Protein chains: 2
Amino acid sequence: MDNFNFYSPTEFIFGKETENSCGEYVKKHGGSRVLIHYGSGSAERSGLLDRVKASLEKSGIYYVVLGGVKPNPRDTLIYEGIELCRRENVDFILSVGGGSCIDSSKGIALGVPYDGDFWDFYGTGKPVEKALPIGTILTIAAAGSEGSGASVVTKEEGMLKRDVGSDLLRPRFSILNPELTQTLPAYQTACGATDIMAHVFERYFTNTNEVEVTDRLCEALLLTMIKETPRVIKNPDNYEARANIMWAGTVAHNDIVGVGRSQDWNSHGIEHELSGLYDCAHGAGLAVIMPAWMEFVYKHNIMRFAQMAVRIWSCEMNFENPEETALRGIACFRKFLHGIGMPINFAELGAREEDIPVLVEKFGLGDGKTGGFVALSSEDVAEIYRIAANAAL
Amino acid sequence: MDNFNFYSPTEFIFGKETENSCGEYVKKHGGSRVLIHYGSGSAERSGLLDRVKASLEKSGIYYVVLGGVKPNPRDTLIYEGIELCRRENVDFILSVGGGSCIDSSKGIALGVPYDGDFWDFYGTGKPVEKALPIGTILTIAAAGSEGSGASVVTKEEGMLKRDVGSDLLRPRFSILNPELTQTLPAYQTACGATDIMAHVFERYFTNTNEVEVTDRLCEALLLTMIKETPRVIKNPDNYEARANIMWAGTVAHNDIVGVGRSQDWNSHGIEHELSGLYDCAHGAGLAVIMPAWMEFVYKHNIMRFAQMAVRIWSCEMNFENPEETALRGIACFRKFLHGIGMPINFAELGAREEDIPVLVEKFGLGDGKTGGFVALSSEDVAEIYRIAANAAL
């Protein structure tokens, strides 16, 4: 096991009607002038925004609002948010939405106390030294941003998708009420589930040996997703299944199932160019990319893929031909994704094979290589896009 | 899933030689005048204490020391520690040892700013309102106290063992270096492993339905312990196995595998009277009590015990007779404990069947009942002690 630090100081408040206490938690965590940052009109229409405002008012907290966060959140709205926060002396950001909304909030949080352009931190590794505190009320189980220090933002000019990570961006509290996800359409629910599973797989495929405890914890989350996702697709009102998925989504990405080992994250990087270029859902892009990535790299460690097949997909081990088992596991993953309504190739996603050179160019490796489970060259990335483009069940 | 709050703000620093950074972490978390609290002379003899002092000195931190914590830590040393901290204006406690040492440190931490007797908080549910901050350097993987808000202390007068819990008692940081556990004798290693497994089982046996994600996470930790414990008993120097056990021990008790569901904790309560009366190791007491408790309660939910047998102990499911599977799982657990050198009945533990009335009296139920998976009366507790007294493989 590699040396590691694990620090997840977020207070999670989980369960029915918990959003009605948001005022108390803002107060507890030091906020007095709040920006409510949210996405689509559904927070308005459902009455959620009114409940949030009522709770803040009850706690005597001043607030301003900024809605309009889009999936694949844009830099342009973040600039607007930074300006608003400075003008209104905001000292706490309350993010009401899914991963895009929280990621946008994190962009604002680090931008407000910074003299330069907030974009300086994205994709550069420049360390964050200061940020406004954030709280979240999660409405989509997917990104894990409610418990992580990561933020992914798209620069509108050129549709460049880049990320930043810092413990200072971990939310002070996150309110998770599975009821809020019950109105989510099946497609978005499935996109979220795919994202959660991908967060685990990015950690599962490691070159660090004998990390038994994190291997088993990863499998625990994946088994949960495999059982619960079809249940919510079939019955969107199933609170228990929604609750299991929501908590799995948080645990999947606060890094407790990834510490002490090398991780991969190439599928996420390769996908980001798809959702950057086509503005498709991140989870849908992952459904197309991740099995293709698996097919490209599995020979690097056939027994790890065989373990996935047996322990996660309940395949029988083929002891005479472990490679056959490994490939069967990958096929099970793709079939599962197809079963919950995800696209499995470029055509189903709305991407074009002829754009692959553009995607590879934007990925920006040049003559270099990525890190991860298998180090990839530009040509490798192109091949993964080609496998993804033409995948079939 | 029940509503819950999960808050684990402890910073974990895991890996080789990490204790040499303790000064930095004390400083980061606000300490300037430190009490180093430790247990046996082994911290002195091994040079650990010198390394800790050197790191504090390097960070310019003043310290005083108080050693001598015993297993089943006593109130008497805590009174001494409280007085020392007040006299020396200590603002941070650095606990160097296992669960007993950390629990003793928590007693001191809550006692220093409190006007009355620190014992007022133990076993009474009186809420903790203030406590000194604590950091830990863990030397035994067992109690999980390094990531929990719990403390168990024994009042020397009458050997009463009682507990307290509060988020204010969660350590600010915990340094976990598996190397420090490599010198631990096999018996103590096995006691620690048993305690870790018990912490998971106390959460696994729940009356809350459909808590898929926490069920799977519990099983992940138990599978890890079943694989790794025999490896360290056989080869105490196995760093990787020690590392997996150490991290599993922390995750097992910071409640991430127990949230959102009813828990049991009767085995812990019933055991506390054994280690209170005989001053035996807590883990050894649990090895005797927990399988006996399982045999007493399994009919309450045969399928949950069958699940344990199949998923944790790799038993074949007997579909015609699930009860047989359930009992086989319990037998596997006892056999496993025996295999790692744990006692399995009163004689092996050094307890006496004729003391059962005394144990039940000290347990203090009177005509009442416990909570938990199955509510127990005094007579039920006596019967569990009797099963434990006479258990065989």
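Reply: Contact means heavy atoms within 4.5 Å. By that criterion B:Ile102 touches B:Ser95, B:Gly97, B:Thr136, B:Leu138, B:Ser145 and B:Glu146, not counting residues up to four places away in sequence. This is a predicted model, in which local features need pLDDT of at least 70, side-chain atom pairs count only at pLDDT 80 or more, and totals for chains, interfaces and linings use all residues. Residues are numbered from 1 along each chain as its sequence is written, chains are lettered from A and ligands numbered from 1 in the order in which they are written, and side-chain values use heavy atoms, with hydrogens and water left out.

Me: Why is B:Ile102 called buried?

Reply: Buried means under 20% relative accessible area, exposed over 50%, and partly exposed in between (1.4 Å probe, protein chains only). B:Ile102 has 0% relative accessibility and therefore counts as buried. The residue is placed in helix H5 (residues 99–111) of chain B; helices (H or I, at least four residues) and strands (E, at least two) are DSSP runs, numbered from the N terminus. Between the C-alpha atoms of B:Ile102 and B:Leu138, which are 36 residues apart along the chain, the separation is 8.4 Å.

Me: What makes B:Lys126 partly exposed?

Reply: Its relative accessibility is 35%, so B:Lys126 counts as partly exposed. B:Lys126 sits in the loop between H5 and strand E5 (134–138) of chain B. Neighbours within four places in sequence aside, its contacts are B:Tyr114, B:Asp120 and B:Phe121.

Me: Is B:Lys155 buried or exposed, and why?

Reply: B:Lys155 counts as buried because its relative accessibility is 18%. This lysine belongs to strand E6 (residues 150–155) of chain B. With neighbours within four places in sequence left aside, B:Lys155 is in contact with B:Asp75, B:Tyr79, B:Trp119 and B:Leu160.

Me: Why is A:Ser314 described as exposed, and what is stated about its phi?

Reply: A:Ser314 has a relative accessible area of 63%, and so it is exposed. The loop between H11 and helix H12 (322–339) of chain A holds A:Ser314. Its phi is near 55°, a positive value in a residue other than glycine. Most residues other than glycine have a negative phi. A:Asp255 also has a positive phi, near 85°, and is placed in the loop between helix H8 (239–251) and H9 of chain A.

Me: Why is A:Tyr298 called buried, and where is it found?

Reply: The relative accessible area of A:Tyr298 is 7%, so this residue is buried. Its place is the loop between helix H10 (282–297) and helix H11 (302–312) of chain A. Residues up to four places away in sequence not counted, A:Tyr298 touches A:Phe305, A:Glu323, A:Ala326, A:Leu327 and A:Ile330.

Me: What makes A:Ala248 buried, and which residues does it touch?

Reply: A:Ala248 is buried because its relative accessible area is 0%. A:Ala248 lies in helix H8 of chain A. Not counting residues up to four places away in sequence, it touches A:Ile196, A:Leu221, A:Thr224, A:Met225 and B:Val213.

Me: What is the area buried between chain A and chain B?

Reply: Buried area is the accessible area (1.4 Å probe) that two parts lose on being put together, summed over both. For chain A and chain B the value is about 3,700 Å², of which carbon and sulfur atoms give 57%. Each side is represented in the contact, with 41 residues from chain A and 41 residues from chain B. A:Met1, A:Glu212 and A:Trp247 supply 17% of the area that chain A buries against chain B, more than any other three residues.

Me: How is the crossing of H9(A) and H14(A) described?

Reply: H9(A) passes H14(A) in a right-handed crossing; a crossing is left-handed if the near helix is turned anticlockwise from the far one by less than a right angle, and right-handed if clockwise. The axes of helix H9 (residues 266–278) and helix H14 (residues 356–363), both of chain A, come within 9 Å and cross at roughly 115°. Axes are lines fitted to C-alpha atoms, for helices over the stretch in contact, and angles run from 0 to 180 degrees between N-to-C directions.
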